[in-house]
Structure formats: C-alpha cells, structure tokens
Amino acid sequence: MTRSTTSPETLPATPPPAPLLHHVGIQTRDLANCVAWYRDFFGCAEKWSLAEFSELTHSRLPGIRQLTEVKVGDLRFHLFDRDEDQPDLPGGNKTQFQHVCLAVASPEDLKAWRDRWLALHESGRYHFAADEQPTDIVTDADGVQSCYVMDVNGLEFELTYVPGADR
C-alpha cells in the first residue's frame with residue numbers, strides 16, 4: 001500500500017471538489033434475474049458487460065465471472081456475480097450493502113415508485129431472495145417522506161422526497 005507523504009500540518013485546508021456518485025456495485029447470485037429486475041423496476045438499460053477482468057479486480061473479487069452495467073439517467077448499477085459456494089471469498093459470496101437512498105422529485109413520484117415495486121412483485125416474473133413488502137410511506141417531523149423497498153437480492157433501497165431543502 002502506498003502511504004501519503006502529506007502530514008496533517010501540510011494537508012490543504014480545503015478538500016478537493018466533492019466526488020460524484022458514479023455507480024453502485026451489487027453482487028448477486030443470479031445475474032440474469034437481477035439485470036431483468038433493474039431493467040423493469042428502474043427502467044435501466046444494459047450499457048455493457050465484461051467477462052475478463054484486471055488483476056486488481058480479481059484480487060478484490062476472486063471468482064468474479066461477469067459484470068453488467070445498467071443505467072437510467074445518471075444512475076448506474078454495476079451488477080456482478082462470482083463463483084458459487086466459496087464462503088472464503090472476501091465478503092463471502094453474498095449480496096452486499098445496507099441501503100442506498102435515492103431522491104425523488106415529488107410525493108407523487110414516491111408513491112409511483114412504491115406502486116411500481118408492488119406491480120412487479122405481483123407479476124411473478126422475479127425470484128426475490130426475501131419476500132418483504134415495501135414499507136408504508138412515512139413522513140418525518142421535517143416533512144421528508146420515505147419508503148423502503150428490496151431488490152431481488154434482498155438489498156434495501158430507500159426512496160425519499162425532501163421538500164425544498166438540501167438535506
């Protein structure tokens with residue numbers, strides 16, 4: 001590992017420009033099911049796929065087999081699978097992240113996303129790792145509205161509407 005030669009005393013007072021979210025990486029056990037769900041729920045389009053990876057990628061994700069980028073607007077998901085039945089893999093061979101929060105433009109959009117999830121779930125076209133329904137839409141003391149939905153892997157998305165505030 002390369003160590004920084006910058007000491008706390010010489011650290012610039014201002015950090016570099018804030019990074020932008022490029023993608024969310026999602027490990028799955030069923031890539032085709034996952035790609036289909038992200039296409040149908042978010043409206044993502046497949047942009048590219050890889051089946052050959054760098055030495056760095058193999059060192060971080062041993063057993064990686066395929067990665068597919070799906071995208072809608074500026075939102076990208078990197079969906080990938082790894083060889084099965086290898087619990088010794090870093091992070092294990094499991095789906096990973098606690099939740100990702102995505103902002104919506106209005107309370108009506110929030111309801112539309114929740115309704116869309118329900119319709120896709122009821123269609124029977126997908127195998128869900130957890131049969132957990134979306135939460136009700138709740139409003140906190142600041143007027144922020146949120147609901148939580150699970151993807152086909154059991155990973156949680158928070159969908160939120162923040163009225164007029166940068167929060």
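This is a predicted model: local features need pLDDT of at least 70, side-chain atom pairs count only at pLDDT 80 or more; totals for chains, interfaces and linings use all residues.
Residues are numbered from 1 along each chain as its sequence is written, and side-chain values use heavy atoms, with hydrogens and water left out.

**Helix α3**

- Helix α3 covers residues 107-123 and reaches 25 Å from its first C-alpha to its last, close to the expected 24 Å; the expected span is 1.5 Å times one less than the number of residues.
- L110, R114, W117, L118, L120 and H121 are its buried residues, buried meaning under 20% relative accessible area and partly exposed the range in between.
- Seen down the axis of α3, these buried residues fall within an arc of 170°, so they line one face of the helix; the arc is taken from the directions from the helix axis to the C-beta atoms.
- Their packing partners are α1 (31-42), β7 (145-150) and β8 (156-161).
- Just after α3, G124 takes a positive phi of about 75°.

**Salt bridges**

- The structure holds 6 salt bridges, each a side-chain nitrogen of Lys or Arg within 4 Å of a carboxyl oxygen of Asp or Glu.
- Within α3, K111 and D115 lie 4 residues apart, about one turn of the helix, and they form a salt bridge with the closest N and O atoms 2.6 Å apart.
- K111 is partly exposed at 47% relative accessibility, and D115 is partly exposed at 32%.
- R39, D40 and R125 are linked in a network of salt bridges; in the R39 to D40 pair the closest N and O atoms are 2.9 Å apart.
- E69, buried at 5%, meets R76, partly exposed at 22%, in a salt bridge of 3.7 Å, N to O.

**The loop between β7 and β8**

- N153 sits in this loop and counts as buried at 11% relative accessibility.
- The side chain of N153 makes a polar contact with the side chain of T28 at 2.5 Å; such a contact is a pair of N or O atoms within 3.5 Å, where within protein one must be able to donate a hydrogen and the other to accept it, and residues adjacent in sequence count only if both atoms are side-chain atoms.

**The protein overall**

- The secondary structure comes to 3 helices and 8 strands, taken from DSSP runs (helices H or I, at least four residues; strands E, at least two) and numbered from the N terminus.
- Buried residues make up 37% of the 167 residues.

Conventions:
Buried means under 20% relative accessible area, exposed over 50%, partly exposed in between (1.4 Å probe, protein chains only). Contact means heavy atoms within 4.5 Å.
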